[in-house]
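Subject: Structure for your review

Dear colleague,

Please find below the structure that I am handing over to you.

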Amino acid sequence: MAKVKQVGLLAAGCQPWNKDVCAASGDRFAYCATLAIYIYQLDQQYNEFKLRSIMSEHKKTITAISWCPDNPDLFASASADNLLIVWNVAEQKAVARLDNTKGVPTSVSWCWNSTDGVAFVSQRGPLYIWVYGGPDRGVTVHKEAHSFLSDICLFRWHPTKKGKLVFGHTDGSLSIFQPGSKSQKHVLRPESLEGTDEEDPVSALEWDLLSTDYLLVSNLHNGIRLVDSAALACITSFCFPSAAASVQCLAWVPSAPGMFITGDSQVGVLRVWNVSRSTPLDSFKLKKTGFHALHVLNSPLAKKAQSSCSPSKSQHTSSTSEAVPPPTLSQNRSFSLPPGHAVCCFMDGGVGLYDMGAKKWDFLRDLGHVETIFDCKFKPDDPNLLATASFDGTIKIWDTNTLTAVYTSPGNEGVVYSLSWAPGDLNCIAGATSRNGAFIWDVRKGKIITRFNEHGKNGIFCISWSHKDSKRIATCSGDGFWDMIATGCEDKNVRVYYLATSSDQPLKVFTGHLAKVFHVRWSPLREGILCSGSDDGTVRIWDYTQDACINVLSGHTAPVRGLMWNTEVPYLLISGSWDYTIRVWDTRDGTCLDTVYDHGADVYGLTCHQSRPFTMASCSRDSTVRLWSLTPLISPLLLNILTDQPWEKIIGNTDTAMVPGSLPLLCGKVSRDIKQELDKLTLDIRAKKLRWFSECFLPPGGSNNLWDLVSVINGQDDSLLPASYSKGVMHMKHLLKFKTSEAQELTIVKMSKFGGGIGAPSKEERLKEAADIHLRLGQIQRYCELMVELGQWEKALAVAPAVSMKYWKKLMQRRADQLIAEDNDDTIPYCIATGDIKKLVTFFTGRGQLLEALIIAQGACEGNIRAPQSSAVNHTTNDVDNRQQYQSLLQKVCKELAEWYFQDGCSVLAACCHLAVDNIKLAMSSLIRGNELELAACVGIVLGEVANQSTAYCLELLARKYMTTPTWELSADLLRMIPDNHILLAKLCAFYPGNAAEINQLHERCGLPSLEECKALAEASMCEGDLFSAVKFHLLSPEPENALRIGIDHVKEQLTGSDWTVDSVQPMLDLMSYIRTDRLIMAKLTEARSELLILHGYIGGLLAIRRQYSSIVPALYEYTSQLLKRRDVCVPLKIEQLTVELDAWRACTQSNSNPPSESQREEFSGLERRIQPTDSAALVLCGADYVTGSNLPSHSDVQLSCFTGQRIQGPVFLLEDGKSAISLNDALMWAKVNPFSPLGTGLRINPF
């Protein structure tokens, strides 16, 4: 199983070079970075777009994409390496490739007459048509579309007029072809260009959907025209308010006939037009940077908040919608903004989905890199800020908690190869470029403050700011250590220089690499040890003190680029390569511990923050940054802390840690600092120890937030909470307090005098945000006053009666002094004023705005929001009833918010939501379902008795994880922490595979009788009729196989009766599953083994139904049926009965069009009786497992599930044959209900 876990992905932005780089179809949209296509899909449940897949097989810049109009699963892409690919989005794979397009395709489009034909064109043509399927497959040339006199920018088939197409050229002209008519080449140039040689490229071209001949065309400098392609005449020239405005892209709005939108090239202004007017109806600035591409989704997205029946088509054919243009355009009131969503791509790489009717972003992915990312570094004093340097000429800074960009450098630096943060809190970054020397960027001021040009026009590949002396910066391909600097050179050598001398000669020259050395890194923990990565594909470890190469790490199949030593475990080294992989090495013996395949191109930069040494960031030519957790590599360490082992098992010196084969030890500064702080404490030592170490080990994504909530629940003083607490999921008792103070800050705070951040809010925006918070807190009068200050009188008046009728009248008088300019369709103030909380919460949850719903519900619970009282009746009783209603509403909203986080792969934040309303059981359940077992155990122990049941289950799963060499003792220590642990320790000893002496030693340690004593006890229990004890002692005896016959016969006997339940047979089956593997797979036990596997498969299927593990129920039933077919066994199960049960389960629980039959309902109710827990207090975890990273698409590691035959999204679990794969989520659920492998070998699986 993979030891390195992907926990975060910073997606690339949209490339600004080629025209057709964004497309949409149905509920999906796609855009191109340089080398990969990003596909987002609407999550119907939460009404938001999520990244579903990254397609990357192109090795050079992608030049165009086109979605198939007849099949929403197919699209085509072309690239600069003369390659054309047809992709199937659903299956996430390429279905056809054309390897030689005879030129770089500048534009691609599906053919009007063929669902498997793609047309493409490059430079001056001709137009090629590639049919990739059917009997006529091959490439043909369009009969007329060739021999052009000017390069082609783009072309478009007519959507309804078969075979008609238009080309736009760089000289500003159009070429039009139609079967049966004379072809028209290079016509309709803008008038101002006629008779000149000037070029004004066609920047956008779209056929009118309602006409066979009309066509919208825009030229970069000559604006937009509506032309008649038949009469070859210009019908309308559209005028811009400013001569400086130029159009980069345009799109028709299908839901509003005659309406289209354009995006400006210099500034991100979206303009709305109607063909009947030559001036824009409306324009709004969406971003500071110019547009690059626009695409309108064909059908407006259905909002959950709308009625459950889908809207009829007639609702969408009108161009009128509820939204009203702002007052500056009041003369245009006969036109309204179209109801539609525009995919917007910007010149800075930003991508968003804009709701034009509501005037808001439904989705915005701001400021992604659009080219290779060469370097990444965490900020020295803040582990949540990561800087990246790119080929696109910018450095960007990301918040790793929210995975969003927070700052970007001014750009235009050529290629930025390397970066280095200034020490401490100086907030400056040094960058190294390909041709502009080095520079220092002041992040807060948002500008370059210093430049260094000593290297002339030569590229600088590496830069390093001294953290001992902030006035020193080194630039070279090297790495400094104290006063020594090592360099990797073109001549294949590694040199070490001593900076304190005046000599320019190296102290040492290391030879051995067979190609150029690109990176060198000194070990931060072992003096005199350094590593080097080379184009020969190897990493070499050098000992400066011995003048020798002490290890060669071989495995990469291409040049090595990224190198990183771990700052806590001295032998851990990570390397990244042009073979697209990241490898983790144990440098003690040269073993490769794990290989990560998720990047889709060369891996360049690797980094981690000293205070979070097991969270790594990597960057690549695929334009993504990915975050990884290295904690699984050293997980026994966290367990040693959890089980309160002595310090020497946790922290050590480098000599001890470097002994080959020994368990990992922490040797760095962070662990030593934690120990020193703990040594000072007298109270609460264990809780602090668990918290501090888990925060050090765990990646960003809510663990700090979780621990803050645990402290609140345990009664910690609020004044001790960190400043970051108010930015995360807060406990309900704090939510209103913090939100009120946030609103007050927004009201009084002045605008930041520094730019540089992204979209610094204006005073109006701050006041609006403050007003919104006051409104949600029920502070209505303050809201009204702020609305008046903003000039939004209608909003103020609408809610004023909730304060008092007197106040409302006073506002009406003030209204006379100033007229309102604007009125937005907004239900929120009315709901607040009338106290209709339920409707408002439903409104927010329907739109996927669960955080908003949460604040509203909490405000209601605290009595801040209530209906206006029209009479003086005593409303106390009513208030109490309402308060109870609101409390249950709050719990419900928290649950929904938690599920949203959970389905987004953030189980820790899901747990935070449950803790916020003191639901400890569900919080622990979220962590266990997300397989955050170590964190769950730490949190459970600190929470104490309230979490005992969940903690015990968690410790049991962890003990199963470590039932392997060399961690058996650790497994026993974990089980000893569970109060009633006798049976659990017996299972551990039964499964232990040592010799008799070793087994007896473990028995003694676990308080169990010796092997021989167990044999006698088994016979005695048998005589007493205690079958469970007999099976247990037989398993612990020298002949454990004797247990199987007794146990299996007992279970079979139970199953022949009519009143058995899962809980009556499962304990015995689970106990038998711990028979030693070497005994179970003996030939003489073939029949017993088959029966045991079949019974486990069947009961596992029922347990999966109980736990709602829907994805594995069919697999468990199929597994049981296959074993019944193939093996000669005698069990009271019939294949036909299994089929009936599975069909009944499907009919009654899976959403399908056919309702279940009466017999199916009866069958399923019988199943439900059997799976009902007999002990109502027992812990039952319901809901599928979903580990962190399950929602993150991989570029290159494609595995198909042997359960479904479909591609696995997220982490993969390989079965014992090394070939069969299932998703890690399915493996975890399977192991929790059936410990044996799905391959039927009798081996246990351990995916934990």
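Two residues are said to be in contact here if they have heavy atoms within 4.5 Å. The model is a predicted one, and the contacts below are to be read on that basis.

**Helix pairs**

On this criterion, Leu955, Glu956, Leu958 and Ala959 of helix α18 meet Ser971, Leu974 and Leu975 of helix α19. By class, the residues of this contact comprise five nonpolar, one polar and one charged. Helix α18 covers residues 948-961 and helix α19 residues 968-976; their axes come within 8 Å and cross at roughly 170°. Angles over 145 degrees count as roughly antiparallel, and α18 is therefore roughly antiparallel to α19. The loop between α18 and α19 holds proline 966. The peptide bond that leads from threonine 965 to proline 966 is cis, with omega near 5°.

On the α1 side the contact involves Leu637, Leu638, Ile641 and Leu642, which meet Arg686, Lys689, Leu690, Phe693 and Phe697 of α4. The contact of α1 with α4 has seven nonpolar residues, two charged residues and no polar ones.

**Aromatic pairs and charges over rings**

How many aromatic pairs does a search of the whole structure find? The search finds 42. In one of them, the rings of phenylalanine 29 and tyrosine 40 have their centres 5.4 Å apart and their planes at 5°, so this pair is stacked. The pair links distant parts of the chain, with phenylalanine 29 in strand β3 (residues 28-32) and tyrosine 40 in strand β4 (residues 37-43), eleven residues apart. Both phenylalanine 29 and tyrosine 40 are buried.

Another pair has a contrasting geometry: the ring centres of phenylalanine 346 and tryptophan 361 are 6.1 Å apart and the ring planes stand at 70°, so the pair is edge-to-face. Phenylalanine 346 belongs to strand β27 (residues 341-346) and tryptophan 361 to strand β29 (residues 360-365), 15 residues apart. Phenylalanine 346 is buried, its relative accessible area being 0%, whereas tryptophan 361 counts as partly exposed at 24% relative accessibility. Lysine 287 lies over the face of phenylalanine 346, at 5.5 Å from the ring centre.

Elsewhere, arginine 929 lies over the face of phenylalanine 902, at 4.1 Å from the ring centre. Ring pairs also link Phe29, Tyr31, Tyr38, Tyr40, Phe49 and Phe363 into a cluster.

Helix α5 (residues 703-713) is mostly covered, with nine of its eleven residues buried. Among the buried residues of α5 are Trp707, Asp708 and Val712. Just after α5, glycine 715 takes a positive phi of about 90°.

Val712 is also touched by lysine 733, which touches Gln858 as well, if residues up to four places away in sequence are not counted. Lysine 733 is found in helix α6 (residues 732-748) and counts as partly exposed, at 48% relative accessibility. Between lysine 733 and alanine 916 there are 183 residues of sequence separation, and the C-alpha to C-alpha distance is 8.4 Å.

**Backbone and loops**

A cis peptide bond also joins glycine 125 and proline 126, with omega about 0°. Proline 126 is found in the loop between β11 (117-121) and β12 (127-131).

Which phi value does asparagine 412 take? Its phi is near 60°, a positive value in a residue other than glycine. Asparagine 412 has its place in the loop between β33 (404-408) and β34 (416-421), and it is exposed, with a relative accessible area of 72%. For tyrosine 580, phi is near 75°, again a positive value in a residue other than glycine. Tyrosine 580 lies in the loop between β49 (572-577) and β50 (582-586).

Glycine 994 lies in the loop between α20 (982-991) and α21 (996-1005) and counts as buried at 16% relative accessibility. Its C-alpha atom is separated by 80 Å from that of glutamate 144, 850 residues apart along the chain.

With kind regards

Key:
Residues numbered from 1 in each chain as written. Predicted model: local features only at pLDDT ≥ 70, side-chain atom pairs only at ≥ 80, totals over all residues. Heavy atoms only, no water. Helix = DSSP H or I, 4+ residues; strand = E, 2+ residues; numbered from the N terminus. Nonpolar A, V, L, I, M, F, W, Y, C, P; charged D, E, K, R; others polar. Phe/Tyr/Trp six-rings, centres within 6.5 Å; stacked < 30°, edge-to-face > 60°. Buried < 20%, exposed > 50% of the residue type's maximum accessible area, 1.4 Å probe, protein only. Lys NZ or Arg CZ within 6 Å of the ring centre and 35° of its normal. Axes fitted to C-alpha atoms, helices over the stretch in contact; angles between N-to-C directions. Parallel < 35°, antiparallel > 145°, perpendicular 65-115°, else oblique.
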